[in-house]
Amino acid sequence: KVAEIKDVPFLYDEFYLNRNIKEEIIYQTRHLDVELVPAQLLDIKNKIAEYEILSAELYLDYEIGKRFLENGNLNNALEYSKKAYDAALKQKDTEVLIKLSNNLGHIKSSLNHTEEAISYFNTAFDLTDDTMLKSALLYNIISTLYHSGNYNAVEEEFRRIKLLDMKIAEK
């Protein structure tokens, strides 16, 4: 299937022709460094579907959802991010689950689905060991709660962030 890979521009590079094509597709989709619009990503996804590489589809769904979120298309962002989230759960890809949980938290927050947003932010919080990311996730929760008018819960989250900041200061 090496010849067909030429149809997917960012995947084709003579340097990589000696590598296993499935490994290359997975690597390239996980490390997208080109700015593509969602329609281009969907086209790429359709072209690689024949390879039946679940992790490549996971990363493309993640990227498509992320680009839709950046463009403010929340319904499509939700659809593709949720597909990627479910796939990441099945594949136990913690790194992608953290990113997707954060993205889904932002999407749900923008849709005024406060409890679901907080649940996603907390999932990312629980999965990461990065204290700076934990702090950012708590601020996302605080922002979501504040915009929903739940000021008592905001105070509780500030206590939680204060404890985290103390842990950071101890290091």
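This dialogue goes through several features of a predicted model.

Reader: Where does A77 lie, and is it buried or exposed?

Author: Burial is read from relative accessible area, with values under 20% counted as buried. A77 belongs to helix α4, which spans residues 74-91. Its relative accessible area is 0%, so A77 is buried.

Reader: Which residues is A77 in contact with, beyond its neighbours within four places in sequence?

Author: A77 is in contact with G65, F68, L69 and I107. As for E63, which is 14 residues away from A77 along the chain, the two C-alpha atoms are separated by 9.5 Å.

Reader: How many residues does the largest nonpolar core have, and which elements give two or more residues to it?

Author: A nonpolar core joins buried residues through side-chain atoms within 4.5 Å. The largest one here has 18 residues, and those with the most contacts inside it are L58, Y85, A88, V96, L100 and L104. Two or more residues come from each of α3 (54-70), α4 and α5 (94-110). The largest share, seven residues, is that of α4. Apart from this core lies another, of 15 residues, including I118, F121, L137 and L145.

Reader: What is A88 in contact with, leaving aside its neighbours within four places in sequence?

Author: The contacts of A88 are with L58, D93, V96, L97 and L100.

Reader: Which loop holds K92, and what is its phi?

Author: K92 is in the loop between α4 and α5. Its phi is near 55 degrees, a positive value in a residue other than glycine. K92 has 69% relative accessibility and therefore counts as exposed, the cut-off being over 50%.

Reader: And where is N112 found?

Author: The loop between α5 and α6 (114-127) contains N112. N112 is not a glycine, yet its phi is positive, at about 60 degrees. With a relative accessible area of 65%, N112 is exposed.

Reader: What describes two packed helices?

Author: The angle between their axes and the distance between the axes. Here, the axes of α5 and helix α7 (residues 131-148) come within 10 Å and cross at roughly 15 degrees. Angles under 35 degrees count as roughly parallel, so α5 is roughly parallel to α7. Their crossing is left-handed.

Reader: Which residues of α5 and α7 meet?

Author: From α5 come I98, N102, H106 and S109, and they meet L133, L137, N140 and T144 of α7. By type, the residues of this contact are three nonpolar, five polar and no charged.

Note on methods: Residues are numbered from 1 along each chain as its sequence is written. This is a predicted model: local features need pLDDT of at least 70, side-chain atom pairs count only at pLDDT 80 or more; totals for chains, interfaces and linings use all residues. Side-chain values use heavy atoms; hydrogens and water are left out. Helices (H or I, at least four residues) and strands (E, at least two) are DSSP runs, numbered from the N terminus. Buried means under 20% relative accessible area, exposed over 50%, partly exposed in between (1.4 Å probe, protein chains only). Contact means heavy atoms within 4.5 Å. Axes are lines fitted to C-alpha atoms, for helices over the stretch in contact, and angles run from 0 to 180 degrees between N-to-C directions. Angles under 35 degrees count as roughly parallel, over 145 as roughly antiparallel, 65 to 115 as roughly perpendicular and the rest as oblique. A crossing is left-handed if the near helix is turned anticlockwise from the far one by less than a right angle, and right-handed if clockwise. Ala, Val, Leu, Ile, Met, Phe, Trp, Tyr, Cys and Pro count as nonpolar, Asp, Glu, Lys and Arg as charged, and the others, Gly among them, as polar.
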